[in-house]
Amino acid sequence: MDKVKRLVAERSVVIFSKSSCCLSYAVNILFGELGVNPLVYEIDQDPDCREIEKALMRLGCNAPVPAVFIGGKLVGSTNEIMSHHLSGDLTKMLVQSHALNKY
């Protein structure tokens, strides 16, 4: 849990991902296309992968990956991110967290 909290505190946008997860890939591409440079943490490349998954679930993630944090707060997984993107709220969150400049 400490590793997750530390990583989330370090950057405006953190995506916990698995290198083999197509949904993680789609979320990473979306942020890249929006001009955001998130910290993408591939949990399957960490020896503590299971502990990180458990920590993410305890924090409220429905699925362990992708788990997206913006401004230190859990936003959610793919469904929540896409819903926020379609409504325009994702861009607002990114601007408020200083991960994206207003345009």
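Student: Which residues point one way from E1, and which the other way?

Tutor: Val13, Ile15 and Ser17 point one way, Val14 and Phe16 the other way, and all are buried. This is a predicted model, in which local features need pLDDT of at least 70 and side-chain atom pairs count only at pLDDT 80 or more, while totals for chains, interfaces and linings use all residues. Residues are numbered from 1 along each chain as its sequence is written, and side-chain values use heavy atoms, with hydrogens and water left out.

Student: What makes E1 mostly covered?

Tutor: Five of the five residues of E1, residues 13-17, are buried. Buried means under 20% relative accessible area, exposed means over 50%, and partly exposed lies in between (1.4 Å probe, protein chains only). Strands (E, at least two residues) and helices (H or I, at least four) are DSSP runs, numbered from the N terminus.

Student: How do you know that E1 pairs with E2?

Tutor: Two strands pair if DSSP finds at least two bridges between them. E1 and E2 (residues 39-42) have four bridges, in the parallel sense. Between E1 and E2 the chain passes through helix H2 (residues 22-33), a right-handed β-α-β crossover. Right-handed means that, with the strands pointing away from the viewer, the path from the first strand over the helix to the second runs clockwise.

Student: How many bridges join E1 to E3?

Tutor: Four bridges join E1 to E3 (residues 67-70), and these strands run antiparallel. Val14 stands opposite Phe69 in E3.

Student: Why is the contact of Lys3 and Asp48 called a salt bridge?

Tutor: A salt bridge is a side-chain nitrogen of Lys or Arg within 4 Å of a carboxyl oxygen of Asp or Glu. For Lys3 and Asp48 the N to O value is 3.6 Å, so the pair meets the definition. Lys3 lies in helix H1 (residues 2-10) and Asp48 in the loop between E2 and helix H3 (49-58), so the pair ties together parts that are 45 residues apart in sequence.

Student: Which residues are linked with Lys3 in a network of salt bridges?

Tutor: Asp46 and Asp48 are linked with Lys3 in that network.
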